[in-house]
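Welcome, and please get your viewer ready. We will go from stop to stop, with something to select at each one.

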Amino acid sequence: MNLHRIATLALIAIAATGSSAAAQLRVVATTPDLASLAREIGGNVVNVTALAKPTEDPHYVDAKPSHIVTLNRADVLIEGGAELELGWLPPLLESSRNARIAAGARGRIVASTGVRMLEIPTSFDRSKGDVHSLGNPHFLADPVSVKIVARRISDHLAQVDPRLAASYKANLVRFNARIDAKMAEWQRQLAPFRNAKIVTYHKDFVYFANRFNLEIVETLEPKPGIAPSPAHLAKVIGTMKAENARVILVQPYQNRRTAETVARQAGAVVLDMPQQPGARPNTGTYFDMMDYLVTTLAAGLRGQK
Amino acid sequence: MRGRSILCAFGLITPLLAQAQAPQKKDSLAKADSAARADSIALVHELEKELGKPAGDSGAAAQTPPHASGGYMNIGFVSLTDAGWSTEPDIGSLERGDHDPQVRGFTIPNTELALDGAVDPYFKGFSNIVFKLDKNGETGVELEEAFVLTTSLPANLQLKAGQFFTEFGRQNPQHPHSWAFVDQPLVLNRMFGPDGLRSQGLRVSWLAPTPFYTEALLSIVNSAGGATSSFRSEESPEIHGGRATERAVRGLQDMLIVPRLATSFDLTETQTLLLGASAAFGPNNSGSSARTRIYGVDGYWKWKPAAAQQGFPFISMQGEALLRRYDAAERVSADVPTVTLPNETLKDRGAYAQVLWGIKPRIVAGLRGDWARGDDASFDSELRADRFRVSPNFTWYPTEFSKFRVQYNYDDRKEIGSDHSLWFQFEFLLGAHASHKF
């Protein structure tokens, strides 16, 4: 009798686990920041995986066979778009044979769609470096752009999984409210540094600077994707001294040694500013990461005042 | 347990749902947004208005991006120039590949015009047209690849149809522009000929539902043609010097059948291993029922740290080993009609192993070892003689759209002696971004 009941319960538990696992929406994001947004909007009823590691350059991810397996089983794919993943995602998608995430399918989310893109080139010319024809793809560092992306995620999740449409909408409302509250806080934190002059390694803080009223006076790369040359770095040092730019922002996959050399010469400091959640301890979510970026930058700029 | 926690989650969500749906159906999000104030909200709405997307409308699917790139077809153009010198004046006897350096001095052995795009909702199309200058400077054009690939077959199946590089091993399906060395590995040249194994037909592949990557592929292609050495290609007879036997295709047994199984594991966060086993079965033209069987194993291992700068540094190792059984039927020698060659099975084997070290961004050092040998047969062909080669090289990629390479080859042809060669290579790419498979 008791045994029978335990067996029945066990069976129910197994059935419940099985069915819920099967029903759980599998969302794959190309990068950890997109994955974090998917977790915010999907809540704990969706299973979210990121293809790129937090410390990995999103332009240069290895198209590993294990990614094919992940994509093959995905219900939803979120990509940054604007050619961010152009070097590695297409062959994976060809092999993934998954119509649910094909271009144009409901399960395919292109984050850049609807975002006001900056630096859209007026002509296709690679003598200007590896410029993306659809604009600068690093828009997730702007929390306002992120709201547009979050709504796109919510819309698509609702279409793919209409059962939970209301839940995705509710999560979006909560997310937006939280972004707004945080935005006020972040802006307050960075308000004393209005129009502060900064230097970055790659053109990856354009949206961030735009949002928080910072001025990027130079990048260590002479052109996007082009390695820094000594002549260019000399020019950067000159500009930094002339403009009184005292911080250089680098991501984990950029050459910190180069940045430090320039910083030493220019009397500046190098700040580790990874834009991917999880690249630093205790920055697992988009909010944690933005907190970290804002705090680190504020401290860096304050220290230099 | 897991089921219960999910139920709990539902329980938490429900009140929120009610809350969210309550105010207004259509504009609930906009309302919630404005309730939450902050000037960024106004900006979002302003943006949305500008983009013509009604706020809060969840129905609208993907919008057209600000401007579409490309058109219906991606176009890429890759051009390779080789230059160099060797102690062997007859470069063709050292470098037998169609896309290898051809003479002392300069050659342009491979310029590809690559086109691809979605054909319709069911197929993607790919084409590669190669232009090359031969050793006399004459331009040659070949339709290297032209195939469609299905995009949405059920049961994890995928079909490829048309003309394509046969998926045997790791390097055979790769275009010269993705090779890590100036020239083709000896063993692949020996088994598959100057242009690799490439034919017309069908390939079906199946992605197995295993937790790790496992793919099974089966190609059924023509066994005759310009790039089916070891089988019914015109190049086949010379490997043992007999006169080619004309034979028509009578059934499936006269097609070239190429099965392959590949599997991959992420050993750690930073290391990946890919293993494969391939075979190729088909008729050859030494006799009316003579057949060739080729077996191969391949491996690829790569290490790249989690915070690699533009994909550097890295270390990768790649190797392939192949074995060929070639039935040579009794027949008349092509050169000396009075000589009759006996019925025998020619056995060849060979392997190569290469290691690449991406020292710092855009700089790669490489080392490859090549080895190939054939057993003794009644006819001694230079194409089956023992050979050994070591090739260190160095590549600099100014960007991912251009590269400079320098390679030294130490060649040891056992009966002939050793040779030294130095090759330079320059490559540029126009148009569509090169994306590479692992």
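Start in chain B and select strands β17 (residues 402–413) and β18. These two strands run antiparallel and are joined by 12 bridges. Together β17(B) and β18(B) make a hairpin, with three residues between them. To see one of the pairings, pick Arg413(B): its bridge partner in β18(B) is Gly417(B). Keep in mind on the way that this is a predicted model.

Click on Gly84(B) and look across to Trp423(B), its bridge partner in β18(B).

Now move to chain A and show strands β5, β6, β7 and β8. What order do the strands take in this sheet? Reading across, the order is β6-β5-β7-β8, in an open sheet with parallel pairing. At the edges stand β6(A), residues 215–219, and β8(A), residues 269–272; each has a single partner strand, so one side of each has no neighbour in the sheet. On average, neighbouring strands here are turned by 35° against each other, direction ignored.

Zoom in on β7(A), residues 247–250, which pairs with β8(A) over four bridges in the parallel sense. Val247(A) has Val269(A) as its bridge partner in β8(A).

Next, bring in the helices that accompany this sheet. Helix α10(A), residues 286–303, packs on the sheet and touches β5, β7 and β8 of chain A. The direction of α10(A) makes about 170° with that of β8(A). Select helix α8(A), residues 230–243, as well: this helix lies across β5, β6 and β7 of chain A and runs at about 155° to β6(A).

For a helix pair, select α5(A), residues 143–160, and α6(A), residues 165–190. Their axes come within 9 Å and cross at roughly 175°, which makes α5(A) roughly antiparallel to α6(A). Show side chains where they meet: Val146(A), Ala150(A) and Leu157(A) are among the α5(A) residues, and Leu172(A), Phe175(A) and Trp186(A) are among those of α6(A). By class, this contact has 13 nonpolar, two polar and four charged residues.

For the last stop, select helix α3(A), residues 65–72. Is this helix mostly buried or exposed? Seven of its eight residues are buried, so α3(A) is largely enclosed by the rest of the structure. Among the buried residues are His67(A), Ile68(A) and Leu71(A).

How values were computed:
Residues numbered from 1 in each chain as written. Chains lettered and ligands numbered in written order. Predicted model: local features only at pLDDT ≥ 70, side-chain atom pairs only at ≥ 80, totals over all residues. Heavy atoms only, no water. Axes fitted to C-alpha atoms, helices over the stretch in contact; angles between N-to-C directions. Parallel < 35°, antiparallel > 145°, perpendicular 65-115°, else oblique. Contact = heavy atoms within 4.5 Å. Nonpolar A, V, L, I, M, F, W, Y, C, P; charged D, E, K, R; others polar. Pairing = 2+ DSSP bridges. Buried < 20%, exposed > 50% of the residue type's maximum accessible area, 1.4 Å probe, protein only.
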